[in-house]
Structure formats: C-alpha cells, structure tokens
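Subject: Structure handover

Hello,

Here is the structure I promised to pass on. My notes follow below it.

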Amino acid sequence: MTSISMSVNGKAVSGDVEDRTLLVQFIREDLRLTGTHVGCDTSQCGACVVHVDGKAVKSCTMLAVQASGSEVTTIEGLANGGDLHPLQTAFKENHGLQCGFCTPGMIMSAADMIARYKASGSKLDEKAIREELEGNICRCTGYHNIVRSIEDAAAKMS
Amino acid sequence: MSEGIGARVLRKEDKRFITGGGRYTDDIVEPNQRYAAFVRSPHAHAKIKGIDKTAAEKMAGVEAVLDGKQLTADGIGNIICGWLIHSKDGSPMNMGAWSALATEFVRYVGDAVAVVIADSIANARAAAEAVAVDYEVLPCVTRPDAALEKGAPQLHPNAKNNLIFDWELGDGAATDKAISGAAHVVEMDFTNNRLSPNAIEPRSAIATFNAAEDHYTLYTTSQNPHLARLVLSAFYQVAPEHKLRVIAPDVGGGFGSKIYIYPEEIVCLWASMKTNCSVKWTSDRSEAFLTDAHGRDHISTAKIGFDKNHKIVGLKVDTIANLGAYMSLFSSAVPTYLYATLLSGQYDIENIHCNMRTVYTNTAPVDAYRGAGRPEACFVVERIMETAARKLGVDPAELRRKNFVTEFPHQTPVIMCYDAGNFGANLDAALAASDYAGFEKRRDEAAKRGKLRGIGMSSYIEACGIAPSAAVGSLGAGVGLWESAEVRVNPVGTIEILTGSHSHGQGHETTFAQLASERFGVPIDNVQIVHGDTDKVQFGMGTYGSRSGAVGMSAVAGALDKVETKAKKIAAHMLEVDENEIVIEDAEVKVPGTNKTLGWHEVCLNAYMAHNLPEGMEPGLKEGSFYDPANFTFPAGTYICEVEVDPETGHTDIVQFVASDDFGTIINPMIVEGQVHGGIGQGVGQALLEEAIYDEDGQLLTGSYMDYAMPRADDLPSYQVSHESTLCPNNPLGIKGCGEAGAIGTPPAVINAITNAIGNNDLSMPATPSKVWAAIQASGVKQAAE
C-alpha cells in the first residue's frame, strides 16, 4: 500500500492504495465520485476522462499513485458552485446526451479541447471536433448533437 | 410557452447526467458487499471433465467458489427462450438446455462455468484464474451455413443438425408461380453482418438476499425490470415474485442487449443467498463482447419478379439465421415475426414467401439488437429494389414509387396490416432535401477531384409496439405486450406518473411529463416520472421495439383520461355545473365563457380533503391504466445517402445523409431527432465498420474496442432529419415510434450509395476500405474515373 494525496475538485484528499490501483478506481471507489465512468478496458472509450493538472487524462490509464500531488478535476468539480460550466449547459441545450454514460468523459475531453484550441488560436470547426473526439465513444447520439454542443460551447467561451 | 405535445423542451433528466450525478448500477454500493468474478470457457466447445476449486477456495478474501452442479442442485432453472416457434412440419423449436453455469459442456467462448465471490474485484479475479477446469476440447462450428452441413459438430442433443426450427411464412407455391411467370427476375445473395451491441455502460448487477426477511433485491442494467422479475421467479426459480424486488436505475444505453435475463443476474441472486452477502458483478468490456447477446447474422438468398410494367409480382427469400450457442429470451421471434413479416417493405406485393432456418453455432447467443429483424428485412428488400432498378434501367426512386402501397389499411401477404402512411410524401421530401435532381452535377464535380461519388436510397418500413397481446400469444409469445401506467396527482396538484416503460437514454422523464402538461397545462417541472422499480410500479413490459411511445404513452393517456374525468366531476360539483361544461387548460379548471374558474391545485386539494366531493365519490386523485394496442404501428420513411469513395484507398466518406421519417405524432422533436441520429449512427456502423468475427476455432477476434470498429465521431457525418407524418389510427396519441428507424433504414442506403459510386453491386457489409477497393478493382470503374 502507498499513501497518496492530491487535490480533487479543489479539495485535499488522501488515501492508502495498492500500487496497481488505477486513478479511476481511487476516484470512484475510494472518493465515491461516481460521475467518472468505466466503459472499456483498453483505454478507448473515454468515459473515464478527468483533468489532471489541467490536462484531459483517461483515468483508467493512470495509476492513482502517479496522480499523487496533482490537481484533479472530475465532472463533479466542473461547475462553478451552482453555475453550470458552459459545456454542461451546451450539452443540455443541444441534446448532446441520451443515456448520459459517456457524457462526463465527453464534457471533460471537450473542455480540454476548447482550451487547447483557444490557447493555440486554431479554429475548432466541425472537422477538428470530430477528429479530437476520436478517443471518446458514444453509442446513443451518432455524435451529431455532441458536435453541436461543443461548437456552441466553444463559441460562447471564445 | 407550451410544454405539451410537440414542444421542443429540454430534458429534465439532463442535470444529473451533466454534473456526474447519474446513478448507474455500478455506482451503487451495498453494505456487506462482495464481488463476483466468473470463470469462463476459453474454448468454443468442450466437455467439462472436472472443476478443481480447492486452490481458489484458499485464496485471500474468497468467500465462495460456486459451480453449476451446486446451482442445479439448488433448483435454479435453465434459461429459456420466451417465444415458441413451430417448424413448418408442426414440430416445436428445438430449445437446448442452458444452465446459468455450465455443468457438462461449454458451447461458446465466454460460457460461464463457475463463479468466485470475494472481498474485492482483484481477489475475485485472481481466484477465478486459479479455478482449474479440465476441458476435453471438441470440434466447433461458427458459421450458420456450416452448422447445417452434414458432419458438423453438434451442439445440443435435441437439435439434430443444429437446426432449431425450419419455419416459413407466405404461400411458397403461389410465389414460385408468380416469379416464374415474371417479365424480369432479379436474384441476390446477402449476408447481414453480426454485430456487438455495445451500450457504453457495461452490464452490471448487485443482488442482496435478506435472510431475516427472506427477500431479494436486485439492481440491474435492465430495459425491463418487471419482465426480469417475472422470468427470474417463474422460470429460474431464483426467488418468488413477491419476494424479489428488481430495480433498474439509470441505465447507460440498451439497444436490445439489456432486455434479456443473463446468467450473471441469476448467479448473483443465488450467490447472495449462498453467501449471505450482497454480490456485485460488473462486466468489463471484454466480457461484454463475449457475452452480451449479439445481433443480426443472417445469410439469405432472395428473388424478386417484376411484370413488364415494372410492378412487383413476387418476392421469395430463403434465410439462415445464426442464434449462437443458446436460445436467448426473444431470439426466435427476431428472425421470424420481426423479419419475414416486414418483407413486403413499402410495396404492394401479392406474393411473398420466406423460409427461415435458425441454427446453433459455437458463438455468443444472438437476439434483438436495435431494429431486430427489421434491419435484416429492410436490407434484403431495399438492396434488391435498388439492384432491380439498375438492371431495369429505371430511376430507383421511380421504381419504388410505382410499387408503393398507397391505400390504407393494406393487408400484406405476410401477416402485417399497414394502418396508415404516405410513402410518397417521405420519398418526395427526401429527394428534395438531398437535391436528388442535382446529383449528376455533383458526381461530375467529384470526378474532377478524383473521387467516385454515389447516391443510394432506402425506403424502409418497420413495425413497432408489437401487439395486441392475444395476437402475439397466438404466434408463440410467452408474454403479453401491453403496457401499464399510473397517474398520481398530489394534493397540491403536482403529478407523479408511474410507467412500466423504462428509459435508458430515451428521455422519458421529459416526454412522459409532456403528456400531463398537455392535458392539464401544468409545467413539466411539476411532473415526476417514476420507472424502473418493481416495488414502485406494479407491472410493466419495459422498453424495446420502439414501444414506449406507441404503447407506454398510450397507457399514460388512458390513466390521464380517468384522472381528467374524475377531476372534472369534482370541479363540476364545486362549481355547481354539469361536468360536461368543464374544461381544463393552463392549470385551470373552468367553464368557458363564465367566471367559474378553479385552480388545478384547488380541485386536487379538494380531492384529498374530501370535504366537498360528489355524493358517493371516493377521495383521492389517482388512476391506473393497462393499454393493449389493437395493432402494430408502422413507422416508415426514405433515407438518401451520398458518398464519395477514394478509388486509391477504397475509403468511403458519407458526404450527405438525408432522412425523412413518418413517426406519427411527435411528442418532442428534439428527442425524436436525437433518436434518429443515433439510429443512423448505428446503421452507418453496420454498413461501413462493424462486424463481430469469430475465427474457425470459435475465438472472438473482435473482442475489444481496438478490434471491433465502433463508429467514432470522425467516421460519421452530420445528418439532415425531417418528418412527413401521418397519424397512427390505432392508438390514442397517434404515435408510431422512432427508436429503431435509423438502424433499419440506413444500411441499405449506404451500400446502395457505395455500389452506385463504384459501379459494382457485389459488396457486403461492412464495406471496409479493403472490400470497397477490391470491388473497384473488379469493376474497372477506377480506370473510367481516371
């Protein structure tokens, strides 16, 4: 067992974990933050995406011990108090979700995507959004309204 | 703004999903919870010679290691198929025994043999690895046609030659005669590729046996928790129905795969009783690929005849359907009453005959997956119509139009009676939206860029809301296919609607609330939808086959009728007028043209105060309804796909996709469009990308997202979706259903477009770049493009 500590959604947390414990297991099972989901076992589906030190990370592909000392944001920490993040609002307003299972990962990936494009000054058009979403799988929406949601949020966040 | 029928209101359920507050089965933790890990067969076909559990039993954290002999000894019943089909010789289908834990033989890779219950997932899995199963490996068969061949490995002793049933529908002799006298005949072979359903939430179950109460609770990823409870009780004898509560909380997609009651739920319940612990199992994706019921997997030949005026005179189809190693819950209904009955398509065809042989193979069980039988039928009909148009040298749109059913009701020769539709309107709308007339110009322009551009269409019809119960019973269904609802009005006028339908992405918490808003003018925020819990909702048949709108909402409408009637009686008494004078709108109960008005909440409060009710009336305002439809519903439409193929690589880009659907009444256009988008996405997946492939040893080659080509965002286009609606005359709301259309109508439209582009009609799904490239080489069209 290894003692780890990190900031999750702005709150200091710590725990003793086995070395093999994945970050997603620590988040879901130890911290009981169940908004981060597991949809595959090969790091493909993206349902588990969180932010580690400001970057989108598949939390099924990082050990909890590797995240020790980091600042982690999960879907539960994205809203600013009672105010939804613009991406959360955009997914609701554009019907960007159906069953909701892939949604937290989609939103966390999209937040990272928008920030990166904004920082680099590149244009986040439909083609770019679709290519950027390569690591997030949705079975319900056919992606149409996910793309609309991200376009909408990106415009509002520019 | 109205929030009633037709309003594009945002979803009430979204807030919890976008903030991480959804509550899926795996999110739930019970006190005293243990974890199950299954020991699964690595072989496609083997005899179990022995199971040595001793090493596993001694490992850290292990509570129990349980096997099929113990399960059987405890009286747990075999898993059954709930729809009895008879072969054409009158014999009943040959259902092989399926124990939740195999005892003597394993019949596909992933077949469960034993289960370990331990204090952590890691310990359970480590111990499962340590269970030593002695297998005698047997020869296996995975392809449906090979399964029927002489000398093929035999799976079940009661299914000679692996044949489950040899069934037919329609008049074979008349159809043969019509086709033999036809002016033009087109013949084709088809394979309908096997698919993995892939709801992104893997299946999961947590079972808790409460010894003190002699009571079981099961949280499970189910599309139909009541049906699960019934089957678990009546057939598997896990627990009596009144001692078993089944809860399907938030469920992350289903697409059919979460209809069935799988071995894992049975075993978790039983193991909870054996260990006196809560037992949780959550599938990983690898297990999901191996064990979730697959879809499709048909091999067909079809022959269609036309007279000299290009009117269809007959259609004959011969199909073999692969049902896998065991018969899953509705597996027999999918290739029969959900397939052969739809072979008339949108067309007026006098003679149709379908022969269907279903077979066992050493593969995962095959059952309903989004569309279920109807995509397979649509693929046959719409591919052969497009091909016929090309061979006859006529416009495919006009060949379809010439043969459309135009008068309703229309009795087809394959059971279905189409009740309403306007097929020409959907075709016209799709032709206009796709600028069909301007296609040749676009093709020329694409050719200048070195691309092969093609256009293809599909005029699909489907049947939703399978019913009525007595009719499906006469066809072999083991259940009734009605739906129930209860409307509970609270004293303050807020409303709870309890429904037997289950939402796993369809947005029922919003659309069902819109029905009450339409009726009483209350805001949807004042309406709560309760579903997915057998302790709360008395009974229900669940959600599949696009039945929640046509059947589930009709039950709600029935309960709302009764509430409205009673509320009007109460209001009439309070206002001292005749109840026929009362109208309810905008949350007011009033007599139009007078100042006699009550707030909705005042009437509701009086119903519960009971201080001033009509003589003899019971207090309260709560009504229930069971709704059994008079007929199926028949959504239909036309999809037009336009592609550009790169002749160098064979890669297909869908550059335009147009859908015009007739779903009858639309409750919430935003949600309906979302359903169509998702269906088209899955349809494109089948057409271009997806295939569950077993090798000759029965190993699943497509067992992860690195091997099975799930559609990603950059594989799919944006879609143009519109509606040309006629109302369904057979239910109170005029709803037809929208959940499966996209998955049904899309595959033939895509393949018709690609084959149009490349000038070679010989192309099977999925149309991968290598297959398309090979077809281009075979056609010689590449040279023409250059």
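Domain 1 of chain A runs over 2–74, and domain 2 over 86–157. Their centres, taken over C-alpha atoms, are 22 Å apart. Please keep in mind that this is a predicted model.

Next, the sheet. Chain A has an open sheet of five strands, in the order S2-S1-S5-S3-S4, with mixed pairing. Its edge strands are S2 (11–17) and S4 (55–58) of chain A, and each pairs on one side only. From one strand to the next, the twist averages 40°. S3 (residues 49–52) of chain A pairs with S4(A) in the antiparallel sense, over four bridges. Within that pairing, Val52(A) stands opposite Lys55(A) in S4(A). H3(A) packs on the sheet and touches S3 and S4 of chain A. The direction of H3(A) makes about 40° with that of S3(A).

Now the contact between the chains. Here 43 residues of chain A are in contact with 43 residues of chain B. On the chain A side, the elements giving two or more residues are helices H2 (86–93), H3 (103–120), H4 (126–132) and H5 (144–157). The residues on that side divide into 20 nonpolar, 15 polar and eight charged.

Two residues of chain A have backbone angles to look at. Asn9(A) is not a glycine, yet has a positive phi of about 55°. Asn9(A) sits in the loop between S1 (2–8) and S2 of chain A. With 19 other C-beta atoms within 10 Å, Asn9(A) is partly exposed. His95(A), also a residue other than glycine, has a positive phi near 50°. The loop between H2 and H3 of chain A holds His95(A). Is His95(A) buried or exposed? His95(A) is buried, with 24 other C-beta atoms within 10 Å.

On to chain B, starting with H8. This helix covers residues 263–275 and has 13 residues. From first C-alpha to last, H8(B) reaches 18 Å, close to the 18 Å expected at 1.5 Å a residue. Of its 13 residues, 10 are buried, so H8(B) is largely enclosed by the rest of the structure. Among the buried residues are Glu264(B), Glu265(B), Cys268(B) and Trp270(B). Just after H8(B), Asn276(B) takes a positive phi of about 60°.

Chain B also has cis peptide bonds. One runs from Phe408(B) to Pro409(B), with omega near 0°. Pro409(B) is in the loop between H11 (396–403) and S16 (410–411) of chain B. Another runs from Met765(B) to Pro766(B), with omega near -10°. Pro766(B) lies in the loop between H19 (741–758) and H20 (769–779) of chain B.

Last, Glu576(B). Its place is in the loop between H16 (547–575) and S22 (583–585) of chain B. Glu576(B) counts as exposed because 7 C-beta neighbours lie inside 10 Å, and the cut-off for exposed is 12 or fewer. Glu576(B) and Lys596(B) are 20 residues apart along the chain, and 9.4 Å separate their C-alpha atoms.

Best regards

Technical notes
Residues are numbered from 1 along each chain as its sequence is written. Chains are lettered from A and ligands numbered from 1 in the order in which they are written. This is a predicted model: local features need pLDDT of at least 70, side-chain atom pairs count only at pLDDT 80 or more; totals for chains, interfaces and linings use all residues. The expected span of a helix is 1.5 Å times one less than its number of residues. A residue is buried if 20 or more other C-beta atoms lie within 10 Å of its own, exposed if 12 or fewer, and partly exposed in between; C-beta atoms are placed from the backbone. Two residues are in contact if their C-beta atoms, placed from the backbone, lie within 7 Å. Ala, Val, Leu, Ile, Met, Phe, Trp, Tyr, Cys and Pro count as nonpolar, Asp, Glu, Lys and Arg as charged, and the others, Gly among them, as polar. Two strands pair if DSSP finds at least two bridges between them. Axes are lines fitted to C-alpha atoms, for helices over the stretch in contact, and angles run from 0 to 180 degrees between N-to-C directions. Domain bounds come from an automatic or database domain assignment.
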